[in-house]
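Subject: Structure for your files

Hello,

Please find the structure below. My notes on it come after.

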Amino acid sequence: MKPIGRRVSATLLSLTILLSLVLLLLAAVDKGRGPATSAAEEWRNVTIVYTSDIKGKIDPCG
Amino acid sequence: MLNLDGGDLFGQREMVEKEQTRFLCEVSSSFGIDAIGLGERDLNYGIQFLRDMMTTYKLPFINANVKDSRTGDLILPPYVIVERGGVRFGIVSVLDPQQKIVTMSQHDPEYIVEDPLVTLRRLVPEIRKQADTVILISHLGDNLTEELLKELEGVDICLVGHTYRNYSTERVVLHTVLLGAGHEGRFIGRCDATIGSKGEVSSFSIGMTSLDDKIADDPVVAEKVSQFKEHLKEFRTSLRGEHQQTKGSDQEQFLTERSCQKCHQDSWKVVKASAHENAMASLRSKGQGFNPDCLVCHVVGYEYKNGYDDLPPYNTLSNVQCEACHGYGTMHARDGSMLKRARESCVGCHDQENSPNFDYAVYWEKIKH
């Protein structure tokens, strides 16, 4: 049983390492995809408020 | 949020309006305005007054095509760069060369107003290098602004000044979004825009709020306005100097020429065609429309109770109307006894100082009625 157990442990360890590598790779790929994320961020919302021709009035005329 | 004004913030060329403009500038300083395009009215009190307001109240007036004729220099910064929400806005402003600049100041230079299109074709590429999005404050009115934008590249947003119209719906000229907020503080506009990666406006919506009684006053500003109005009453009285309204009677009224002409149509037509009819316009053209020493001879009953004042309803008594010579209409309607006063009153204004060539017989022929 021990040898089998040892084999299972070794398989699990390999899987863990593989999974970690895959995650690291995905993270790297995601990081490399930076421009796509910032492109979405480049749509910027701005509010402009404006008046004009107040002509010295301190009360609206109508 | 970006806060803009299309210009013509200042009032008319009168002392009371100047005082009111000073107050308006003080209050506006708390609104955080990012740029104000120069309107011709903003020079009504002279360049020094404008600069004082800019310094004292941190009001960012800009203009790219008005120059001092003596030096050839622009009188204001041509544009500003303002960053909001991660966008660098380059804001530039031009004035219509056809607008006449008349100031109350004796010390102002002549102004040269250069062609807006030539100015902007030169300047917009320069601004583009420093900004993502270019905003033009066009103090050219509606039609000239639209004509300009059809000839001009590189402006993303344009706020139109010198207009009565507010643009309550989305408007675009070629690639430029048009904004307009009407006049006299009746409306405040709001544009919610999405700015793309190249600084272009990819989508936008317009909201126009009518500043009527449904909008509650800010209590702090309302209190300031209330105090200022009290101050203005005293200021108005002090301005009259020796020309206080002490003559005549509270019981009498000047009825204006509209009442006179009902019975005296022929006489009214003669006087209407004379220089008396343009008395106020001639004063204003010389920047003296506020001067009590002059007003006393250019309006009806300046020193009389219920006589001319620059507030309604007494501002209808401008120019040398019938009652300037014949006296209160209410008295005339009762006994018709004021005719004699007309001849006497001529020399009250046509004196040696103001009318050295005055000859009653000759002058009377011009307005004989």
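The notes below cover the contact between the chains and then some salt bridges.

This is a predicted model, in which local features need pLDDT of at least 70 and side-chain atom pairs count only at pLDDT 80 or more, while totals for chains, interfaces and linings use all residues. Residues are numbered from 1 along each chain as its sequence is written, chains are lettered from A and ligands numbered from 1 in the order in which they are written, and side-chain values use heavy atoms, with hydrogens and water left out.

Contact between the chains

Chain A puts 21 residues into the contact and chain B 59 residues (contact means heavy atoms within 4.5 Å). About 3400 Å² is buried between chain A and chain B, with carbon and sulfur atoms giving 54% of that area (buried area is the accessible area, 1.4 Å probe, that two parts lose on being put together, summed over both). On the chain A side, the residues that lose the most area to chain B are A:Arg44, A:Tyr50 and A:Lys55, together 25% of what that side buries.

Strand β1 (residues 44–51) of chain A runs parallel to strand β1 (residues 2–5) of chain B, and four bridges join them. Strands here are DSSP runs of E, at least two residues, numbered from the N terminus, and helices are runs of H or I, at least four residues; two strands pair if DSSP finds at least two bridges between them. Opposite A:Tyr50 stands B:Leu4 in β1(B).

Salt bridges

Between chain A and chain B the count is zero salt bridges, whereas over all chains it comes to 19 (a salt bridge is a side-chain nitrogen of Lys or Arg within 4 Å of a carboxyl oxygen of Asp or Glu).

B:Arg84 and B:Asp34 form a salt bridge at 2.5 Å, N to O. B:Arg84 is in strand β5 (residues 79–84) and B:Asp34 in the loop between α1 (15–28) and β2 (35–37) of chain B, 50 residues apart. B:Arg84 is partly exposed at 26% relative accessible area, and B:Asp34 is buried at 12% (buried means under 20%, exposed over 50%, partly exposed in between, 1.4 Å probe, protein chains only).

B:Arg334 and B:Glu252 also meet in a salt bridge, with the closest N and O atoms 2.5 Å apart. B:Arg334 lies in helix α11 (residues 329–335) and B:Glu252 in the loop between α5 (219–239) and α6 (257–263) of chain B, so the pair ties together parts 82 residues apart in sequence. B:Arg334 is exposed at 58%; B:Glu252 is buried at 9%.

Regards
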